[in-house]
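Here is a friendly walk through one protein chain, from its overall make-up to a few side chains. Have a look at the model first, and then read on.

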Amino acid sequence: MPRTTRASAEVDLGSFGGASDNEETAAPLTWRLSPTVSLSDWEIRVKRKGSSAKPKSYHCHRNILGVGPRGCTYFVKLFKPQTFAEGGAAASELTLEDTAAAAFPAFLDYVYTGDLSIDTASAVALLDLSNYLRCQAAFAEVQDFLRGDLCAATSVLYIKEASKYAADKVLTAALKLCAGCFEEVSLASLLTLPPDLFVGLVGGPGLKCASKLLSDRVAAYLKAHRTEASADLVTALTPCKLMPVVTPTAAMSLLELGIEHGVLDVQDGGEASGDGATQPPANKKQKARAKRKPPASKTKTLRARCFEALHSDFEALRGSNLDALPPDVTIALLKGGLDSATEAYRAKCDDLETCEDDLEGASSEAADLKEDLSTKERSHTSTQNLLRYERAQHVQHARSNEVLRQKHEALQRDPRLQLPHQPLYAIRGGLFIQVWSGH
């Protein structure tokens, strides 16, 4: 095959004669451009729900909104001939919640570019927008973000946002997580919940919180939402099964609220306690309810729990603002506190007597131990003396042995005391005789 000769890059082929006077035409297509530059063919007007402000306009393009992997089925149906009349107004209007209206530009950016700007505050709004406008790709992106962002610190915000947009799945997941780590969630964020959501959180399944901490948080919540408090709200947030013990600090606030709304003596189940005769159940439903009702010994009224908490801490009772309570409650509270203090004093006296008896017994035991120690010291002294005597005897014997050894060596060196020579043996007349040499 013959080689082809090509023109070099330096060959002059002329210049572009249709230079644009507007540099914006070279920019990527986006809804943020001026409609005259981007040749926008559709206008979306976004109105905030409950606001009288003028709707905000977004100049978009039908082919971007309805075509491609990030297209929205909502706009596809809107752009159909039977829906959109030729020559009519090329615009549509959306009425959105505040957070959804604020997140709408981020949604449009995703449709145009595929980049989604999302955070905790806008996540549920973007999820609702994606679902309403039928953008499956954006819906999946937001779901992935939610799964990684939902935690103790963000659960309260997700509860509020999910409730606003009726996102039941998100609401259930956020309530479950928040209830499971209730002690880790900040009190400040819990106080922002409306009463119905707070009741659903505290009274729902899976709540994990110590009774005393729960009493402090419930008391703080009711104090912050005092204008919204009602008998039903106080009763729903203070059942004995969830809060069998309260702190002295929470007790005073709960007492005031219980008296104010008339639920101080209401037991779990909404029935008031009393000493009167109980009517027998009239039908099967009442019988079943009576069977399910906890025994009276295990179900304490709010009054009983608050009294117990204040009686257990007389100093807290003394520092409380008793003027805010009715006289009969104050008298009963002080009487019970005095009785508890008297019992505590008697218990301390009994403990003191027990300590004195223990001290006396310990003193006697110490004396016995001292006498035993003295006996052992005397025995030790006797043993030491015996050891010293035996050591002296040993030294004396060693000296005697040394003297004897020296005498023995001297005798061995004395020639006068040398033994005769070795004996000679001979046989005479059949007899074995020993003859000493030298004799």
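## Surface, core and aromatic rings

The protein chain has an accessible surface of about 29,000 Å², and 54% of that belongs to carbon and sulfur atoms; such areas come from the Shrake-Rupley method with a 1.4 Å probe, and for residues only the protein chains shown count as cover. Please keep in mind that this is a predicted model, in which local features need pLDDT of at least 70 and side-chain atom pairs pLDDT 80 or more, while totals for chains, interfaces and linings use all residues. Residues are numbered from 1 along each chain as its sequence is written, and side-chain values use heavy atoms, with hydrogens and water left out.

The secondary structure consists of 17 helices and five strands, taken as DSSP runs numbered from the N terminus (helices: H or I, at least four residues; strands: E, at least two). Of the 439 residues in the chain, 30% are buried (buried means under 20% relative accessible area, exposed over 50%, partly exposed in between, with a 1.4 Å probe and protein chains only).

The largest nonpolar core holds 80 residues, and I44, L65, F104, F107, L190 and L254 touch the most other members. A core of this kind is a set of buried Ala, Val, Leu, Ile, Met, Phe, Trp, Tyr and Cys residues joined through side-chain atoms within 4.5 Å. Helix α4 (residues 98-113) gives this core its largest share, nine residues.

Now to the rings. There are eight aromatic pairs, where rings of Phe, Tyr and Trp (its six-membered ring) pair if their centres lie within 6.5 Å; planes under 30 degrees apart are stacked, over 60 edge-to-face, and the rest tilted.

Y74 in helix α3 (residues 73-79) and Y132 in helix α5 are 58 residues apart, so their pair links distant parts of the chain. Y74 is partly exposed at 22% relative accessible area, and Y132 is also partly exposed, at 46%. By contrast, F104 is buried at 0% and F107 is buried at 2%.

Helix α5 (residues 120-132) also holds S130, which is buried with a relative accessible area of 2%. A polar atom of the S130 side chain lies 2.7 Å from the backbone oxygen of L126.

Note on methods
Polar contact = N/O pair within 3.5 Å; in protein donor to acceptor, adjacent residues only side chain to side chain.
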